[in-house]
Amino acid sequence: MNKLYFTKAEGIYDRLDGILKDFLGYSPQILRTENGKPYIDGTPLHFSLSHSGRHGVIAVCDKPVGVDLELFKNKSHSLMISGFPEEEQVEIGNEKDFLAHWTAREAFIKMKGSTLAKSLKSTSYTGGKIYFEGAEQACAIYQHFTEHGVVTVCIAD
């Protein structure tokens, strides 16, 4: 089971509470791991949220899940791209490509429950697959492109 909800960034936590209440029948207390990943104790329900500008997205799943949303800003990301592995750099020709790679990396890191500071340099996205510390990861990547940006969902296999 995987559900994706598009919402406004303003009020995203109220929307999350309503969604979780629909699934669970009550408003749960949201806890956080030491890395800040939100979770609900005592339930197999997993969720993730992201916002960019005025837009937001919430993913709810029965497996560990991460979601990232980034809007097109019509700017160069060449400095960041230069830090990516060469095989990843060749797949990035424009902002859409960059955001596809960036959101895949961030969605995976969120799913894993880590932080960008701890895991970004060890994570790559090449050929539609996520790699962490050089090893292909057992997860599914789903990407949605709109005229405004990119949404990526990463779900543990």
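Start by selecting Glu136: its relative accessibility is 46%, so Glu136 counts as partly exposed. Here buried means under 20% relative accessible area, exposed means over 50%, and partly exposed lies in between, with a 1.4 Å probe and protein chains only.

The model on screen is predicted; local features need pLDDT of at least 70, side-chain atom pairs count only at pLDDT 80 or more, and totals for chains, interfaces and linings use all residues. Residues are numbered from 1 along each chain as its sequence is written, and side-chain values use heavy atoms, leaving out hydrogens and water.

**Salt bridges.** Lys129 forms a salt bridge with Glu136, with 4.0 Å between the closest N and O atoms; the term means a side-chain nitrogen of Lys or Arg within 4 Å of a carboxyl oxygen of Asp or Glu. Lys129 has 38% relative accessibility and therefore counts as partly exposed.

A search of the whole structure finds two salt bridges. For the other, select Arg105 and Glu88, whose closest N and O atoms are 2.8 Å apart. Arg105 lies in helix H4 (residues 95-112) and Glu88 in helix H3 (residues 86-89), so this pair ties together parts 17 residues apart in sequence. Helices (H or I, at least four residues) and strands (E, at least two) are DSSP runs numbered from the N terminus. Both Arg105 and Glu88 are buried.

**Ala107.** Stay in helix H4 and select Ala107. With 0% relative accessibility, Ala107 counts as buried. Which residues does Ala107 touch, not counting those up to four places away in sequence? They are Gly66, Val67, Asp68, Thr152, Val153 and Cys154, where contact means heavy atoms within 4.5 Å.

**Helix H1.** Now select residues 12-24, which form helix H1 with 13 residues. From first to last C-alpha, H1 reaches 18 Å, close to the 18 Å expected at 1.5 Å a residue; the expected span is 1.5 Å times one less than the number of residues.

Show the side chains of Ile12, Leu16, Ile19 and Leu20, which are buried. They cover an arc of only 95° around the axis, and so lie on the same side of H1; the arc is that of the directions from the helix axis to the C-beta atoms. What covers these buried residues includes strands E1 (2-8), E4 (46-52) and E5 (55-61). Turn to the other side of H1 to find Asp14 and Asp22 exposed.

End at Gly25, which follows H1 and has a positive phi, near 85°.
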